[in-house]
Amino acid sequence: MINDIHPLAEGVRLRPATLGDAESFAETLTRSRAYMRRWDPVRPEAFYTPEGQVRRLTALLAEREAGRAMPWVLADDEDRVVGAMTLASIELGVFRNARLGYWIDVDRAGRGLATAAVAQVCELARDGLGLHRIEAGTVLDNAASQRVLAKCGFELYGTAPRYLHINGAWQDHRMFQRILHDAPPQR
Ligand SMILES: CC(C)(COP(=O)(O)OP(=O)(O)OC[C@H]1O[C@@H](n2cnc3c(N)ncnc32)[C@H](O)[C@@H]1OP(=O)(O)O)[C@@H](O)C(=O)NCCC(=O)NCCS
């Protein structure tokens, strides 16, 4: 289930990321660079190259192997990357928690894709990974991201001062969580 392909909308599907996505990632991230700037860390120039994406994905896929991350892409009908969803800092035991991050290609934004993908990732986290809770943080004025989280059943639980270094500064974040189920941890 966790490794399956999940149709979302408009010919776009959610599937696990692969090293072969590096070139497509570089292309879409370059196209979306200005659009993402306000919500993203400052990236080195190499981040926007296929080689930089190979390095990033190699590290991320090693995290997946270790059970600490689950990276998906949103792929169009030509299998080009048009967005990404990542569960990071996956922890099991009595926490069974992960942090969710996501973005959508500038040319595909505003059509419900993030909402469909976040809803699907929550299902996979619950039924495929057995997680109990997902958390996500947004900078205070990222209204679109906050709306996506609200539509997907996340609740606001607080504000974290100077939480992440975004767009060149340590920025306060609104913190959201979704409890996925209340079954006890599996052993
Ligand atoms: C945030 C982001 C992922 C949303 O993706 P998307 O596919 O456009 O999201 P959706 O279309 O599913 O939903 C967006 C919702 O936000 C609303 N929205 C968009 N811009 C808004 C704004 N400036 N103020 C208030 N609401 C806004 C839309 O109307 C929609 O809500 P609705 O369905 O009730 O009308 C996308 O804008 C993005 O990639 N942003 C840059 C990276 C980023 O911010 N990532 C998240 C970091 S926490």
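Analyst: The protein chain has five helices and eight strands. The model is a predicted one. Along the sequence, the elements run β-β-α-α-α-β-β-β-α-β-α-β-β.

Start with the overall form. The C-alpha atoms fill a box of roughly 45 × 35 × 30 Å along the principal axes. A compact globule of 187 residues would have a radius of gyration near 16 Å, and the protein chain has 16 Å, so the two agree. Buried residues make up 32% of the 187 residues. Now take the contacts with a separation of 6 or more: 61% of them join residues 24 or more positions apart.

Next, the ligand. The shell around the ligand holds 19 residues. Ala-114, Thr-115, Ala-143, Ala-144 and Arg-147 come nearest. By class, the shell has 11 nonpolar, six polar and two charged residues. Three elements each supply at least two residues of the shell: strand S5 (97–104), helix H4 (113–127) and helix H5 (143–151). The largest share comes from H5, with five residues.

Look at one residue of H5 in particular. Arg-147 is found in this helix. Arg-147 has 13 other C-beta atoms within 10 Å, so it counts as partly exposed; a buried residue would need 20 or more. Thr-115 is 32 residues away from Arg-147 in sequence. In space, their C-alpha atoms are 8.8 Å apart. Both residues are among those that come nearest to the ligand.

Now turn to H4. This helix has 15 residues. From first C-alpha to last it reaches 21 Å, close to the 21 Å expected at 1.5 Å a residue. Its buried residues are Leu-113, Ala-114, Ala-116, Ala-117, Val-118, Val-121, Leu-124 and Ala-125. An α-helix has 3.6 residues a turn, so residues three or four places apart point the same way. Ala-114 is buried in H4, and Ala-114 is also one of the residues that come nearest to the ligand.

The largest nonpolar core has 43 residues. Within this core, Leu-74, Ala-117, Val-121 and Ala-125 have the most contacts. Several elements supply at least two residues each: strand S2 (12–16), helix H1 (22–31), strand S3 (70–75), strand S4 (81–91), S5, H4, strand S6 (133–139) and H5. The largest share of this core, eight residues, comes from H4. S5, H4 and H5 each supply at least two residues of the ligand shell, and each of them supplies at least two residues of the core.

Which residues is Ala-125 in contact with, leaving aside its neighbours within four places in sequence? They are Leu-87, Ala-98, Leu-131, Ile-134 and Leu-180.

Arg-96 is found in the loop between S4 and S5. Its phi is near 45 degrees, a positive value in a residue other than glycine. Arg-96 counts as buried because it has 21 C-beta neighbours inside 10 Å. Compare Glu-10, in the loop between strand S1 (6–9) and S2. Glu-10 also has a positive phi, near 50 degrees. With 13 other C-beta atoms within 10 Å, Glu-10 is partly exposed.

In H1, Ala-22, Phe-25, Ala-26, Thr-28 and Leu-29 are buried. Their cover includes helix H2 (33–36), H3 and S4. H3 covers residues 50–65, 16 residues in total. At 1.5 Å a residue it should span 22 Å, and its end C-alpha atoms are 22 Å apart, which agrees. Just after H3, Gly-67 takes a positive phi of about 80 degrees.

Last, a link across the sequence. Ile-166 is found in strand S7 (residues 155–166). Ile-166 is buried, with 20 other C-beta atoms within 10 Å. Val-42 lies 124 residues from Ile-166 in sequence, yet their C-alpha atoms are 6.8 Å apart in space. Beyond its neighbours within four places in sequence, Ile-166 is in contact with Trp-39, Asp-40, Pro-41, Val-139 and Gln-171.

Key:
Residues numbered from 1 in each chain as written. Predicted model: local features only at pLDDT ≥ 70, side-chain atom pairs only at ≥ 80, totals over all residues. Helix = DSSP H or I, 4+ residues; strand = E, 2+ residues; numbered from the N terminus. Expected span 1.5 Å × (residues − 1). Near = placed C-beta within 6 Å. Nonpolar A, V, L, I, M, F, W, Y, C, P; charged D, E, K, R; others polar. Core = buried A, V, L, I, M, F, W, Y, C linked by C-beta atoms within 7 Å. Buried ≥ 20, exposed ≤ 12 C-beta atoms within 10 Å, placed from the backbone. Contact = placed C-beta atoms within 7 Å. Rg over C-alpha atoms; globule rule 2.2 N^0.38 Å.
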